[in-house]
Amino acid sequence: MTRPDRELAGRTAAAATSRRARTVLAPPPPASPPPRRRRRAPARPARSRRRAAAGAAAKQMAAQPLEDTLTITPLGSGQEVGRSCHLIQFRGRTVLLDCGIHPGRSGLDALPFLDTVDLSEVDLMLVSHFHIDHAAGVPYITEKTNFQGRVFMTHPTKAVMRMLLSDYIRLLPQDDRGEGGLYDEEDLARCCDRVELVDFHQVVEHEGIRFWSYNAGHVLGAAMFMIEIGGVRLLYTGDYSLEEDRHLVPAEVPTLEPHVLIMESTYGTQKHESRDVREALFTSTIERIVQRGGRCLIPVFALGRAQELLLILDEYWKEREDLQRVPVFYASKMASRALRVYQTYINMMNMHVRDQMDISNPFKFDHVQNLASIDDLDDSGPVVVLAAPGMLQSGVSRQLFDRWASSERNGVVIAGYSVEGTLAKQILSEPDEVKTQDGRTQPRRCTVVSISFSAHVDYFQNFQFVESTMPNNIVLVHGEKNEMSRLKGKLVQETGKWPSESRPTVSSPENGQAVNMRFARDRRVACVGAREEDPFKHKRRADDADAAPEKRRVVKSGILVSKDLRCTLYADDELRESSPLSVTSLRQTLRLQLASDVGVFRALLAQTFADVEEAAAATGAEASLDVGGCVRVDVVQADAARELVLAWDASPLGDVVADAVVCVALHCQSSPAALLTTGPCCVPDASAADDPHGAKDAAAFLRAALVDHFGDERVADAPADDEPAEGEGRDRSASNLSARSDAKMAAVAAFAVTLDDLAATCTFRADGPNFRVDVASDDDPLRRRLRTLLERALDATQPISTKPRKGVVGEGGA
């Protein structure tokens with residue numbers, strides 16, 4: 001398993017269910033259903049209607065998971081072969097896969113439909129391999145548009161692309177170069193300077209986009225790209241081959257399952273002959289042509305399949321002495337440079353070539369000669385010439401075809417895939433006449449044979465790849481319309497036999513047609529500094545004390561950081577060491593005038609806060625107080641006025657406590673004498689000798705709260721019984737919920753609440769400063785309602801504490 005596979009395998013299982021996407025391919029608007037007559041419901045009050053509408057909206061929002069839409073739009077090679085270019089948009093990120101030109105078109109018409117896209121929004125462009133139908137548009141995008149993103153490809157792809165596109169520029173008409181055309185040599189040089197290189201399996205991250213590549217086996221350096229954005233993985237195969245040939249290894253099959261697979265459909269449902277059969281047919285066809293005294297033309301691309309065919313021919317000529325009198329030429333100005341490229345990246349080839357390299361260079365041929373110029377060719381007798389380009393649209397291969405097409409002794413062997421609109425595709429139907437490059441019409445009498453060595457998968461290899469990767473969604477590209485349609489139907493038929501939860505959707509969009517897939521957003525958060533704890537320990541029942549604790553990773557306090565579509569929760573003690581944040585401490589100081597006596601301020605402060613303590617007096621301070629352990633208050637004499645100096649570390653709690661202290665200080669200025677004589681307004685008076693903790697006043701306050709809520713006629717005093725023994729008067733679980741302390745708590749007061757035919761008893765208990773209210777009722781909704789009310793009322797009976805409150809409301813059942 002490769003490194004990126006190992007990193008993500010653990011996250012895959014948990015997200016498998018949530019990653020099933022709903023695919024929409026250019027959906028038509030739904031038809032409106034015919035209207036039906038309904039009985040009109042009686043009108044409800046406006047408030048009821050608003051509540052019902054709000055409730056329905058809340059339910060609808062809760063029922064719909066948070067989703068993101070992944071959009072895939074072919075800008076080229078949608079139901080065609082040529083000018084591969086695919087736009088991926090997801091969660092504000094945009095990726096462009098390949099940018100080639102159409103071999104059967106010329107000028108700007110050969111480019112993908114780039115004018116439909118704002119290229120300034122593209123973050124990355126990933127180039128799968130160096131063939132012109134996948135890479136020849138890259139310099140145009142980088143130098144002639146507002147594209148500002150990054151460009152990635154493998155090392156061999158960049159090296160060979162530079163050579164191929166330099167030769168492509170040389171063959172372009174003058175009008176298609178420079179400012180008004182596609183690009184020139186200077187544009188190509190600047191483009192190559194912007195290219196960034198990647199190795200197979202190297203993980204690259206850029207602004208929330210994470211990707212790595214696999215060997216695609218198509219040509220030297222060809223790559224598949226696995227792209228991950230926001231937890232959704234997309235695999236783009238580009239052109240790939242699962243067959244090992246004479247110099248390349250087959251494509252890798254990722255062990256990590258993608259959610260979306262964008263795969264080629266070049267050969268549709270066709271089946272390739274075995275490699276041995278194709279090689280035998282290839283060599284025997286060439287032998288028949290030269291044995292009858294003819295000239296054999298093999299149109300090829302300068303790099304890629306040409307090296308494979310040269311290896312086959314050189315080996316065959318070695319075995320056949322009678323053919324060694326017939327010269328074999330490789331007509332390419334890049335022959336020597338191509339040889340250096342293949343020698344440089346010998347480590348990316350198969351073991352057969354690597355082992356041979358230890359003895360001699362397998363690409364230094366004994367029976368193949370380089371043809372620097374067509375003028376140097378002596379074709380007065382039998383000859384074999386491999387010449388570029390492979391589609392016969394221009395160059396040496398077109399010139400030789402125009403020269404040899406009229407003789408029935410000559411022959412053309414098409415060894416690769418022929419794109420619609422090219423001469424190579426046209427002559428496969430063996431027309432009687434063809435047009436030369438200068439526009440003349442001449443008879444075609446040469447034989448034409450097609451033997452595919454194009455290193456594309458056939459149907460069976462494509463389906464094998466689908467079975468191995470098990471994608472949730474398949475998008476077909478790079479195939480003629482009919483072939484793609486047949487492949488789509490076959491895939492739907494075969495995958496329809498799979499279990500429904502494993503069945504992928506299959507789409508075959510045309511150029512410009514968007515495929516939309518909706519994915520539930522990944523809400524998982526990585527935690528740094530989490531500790532193993534049992535969060536339900538305090539709620540566990542007594543009879544479950546011996547049960548194994550339920551351990552969970554808990555972060556009690558921290559900061560959630562969202563960056564590049566990932567969320568990470570850092571515990572407070574990990575912020576400085578592990579997080580990308582700069583951790584600072586802000587000390588705040590506030591001064592305000594105190595118009596009242598210090599004693600009045602201290603008394604009112606003690607009524608408001610439970611945690612007010614004397615602190616060591618600061619230099620020059622009349623008094624110093626610590627409020628809640630987070631705000632220090634110094635009383636100082638400044639000139640003729642007394643001032644309060646508040647100091648605290650900025651935090652949510654400290655800021656709130658400081659604001660409350662300021663409010664108390666301002667309240668002291670209203671009427672200091674009245675504050676001292678009237679006592680607290682709602683807080684129990686703790687000055688009575690028989691009730692030092694204010695339990696009786698708290699009970700009266702709770703009764704008043706019940707009367708305000710239910711009405712005086714529904715609330716009555718009840719006998720205040722002592723706390724029942726365990727199991728008496730209530731169920732055991734309710735007793736455990738209410739009793740947070742082992743100490744017995746005396747009953748201070750009890751209240752009976754009746755609501756229609758429902759009844760409940762609320763018993764207020766106290767043990768020193770600790771208060772508790774038990775609620776007993778047969779009706780669960782009423783019990784929960786009372787519990788919420790009394791919890792809030794109990795909070796109001798005691799000064800504010802920055803620590804957990806001591807009052808507890810428990811539930812009981814009759």
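**The nonpolar core and its surroundings**

Guide: The largest nonpolar core has 105 residues, and the members that touch the most others in it are F282, I298, V384 and L386. Such a core is a set of buried Ala, Val, Leu, Ile, Met, Phe, Trp, Tyr and Cys residues joined through side-chain atoms within 4.5 Å; buried means under 20% relative accessible area with a 1.4 Å probe, protein chains only. The model is predicted, so local features need pLDDT of at least 70 and side-chain atom pairs pLDDT 80 or more, while totals for chains, interfaces and linings use all residues. Residues are numbered from 1 along each chain as its sequence is written, and side-chain values use heavy atoms, without hydrogens and water.

Helix α8, residues 305–319, gives this core its largest share, with 8 residues. Leaving aside residues up to four places away in sequence, L386 touches I298, V300, A306, L309, L310, L313, V328, F329, Y330 and A331, where contact means heavy atoms within 4.5 Å. Another core lies apart from the largest one; it has 27 residues, including F90, V95, I209 and I262. In soluble globular proteins, nonpolar side chains tend to be buried together.

The whole chain provides the setting. Its secondary structure comprises 21 helices and 38 strands, and 48% of its 814 residues are buried. Among contacts with a separation of 6 or more, 69% join residues 24 or more positions apart.

Helix α21, residues 780–796, has 17 residues and spans 25 Å from its first C-alpha to its last, close to the expected 24 Å. That expected span is 1.5 Å times one less than the number of residues. The buried residues of α21 are L782, R783, L786, R787, L789, L790, A793 and L794. An α-helix has 3.6 residues a turn, so residues three or four places apart point the same way.

Helix α14, residues 481–495, contains T495. T495 counts as buried because its relative accessibility is 1%. Beyond residues up to four places away in sequence, T495 touches F463, R503 and P504.

Terms used:
Buried < 20%, exposed > 50% of the residue type's maximum accessible area, 1.4 Å probe, protein only. Helix = DSSP H or I, 4+ residues; strand = E, 2+ residues; numbered from the N terminus.
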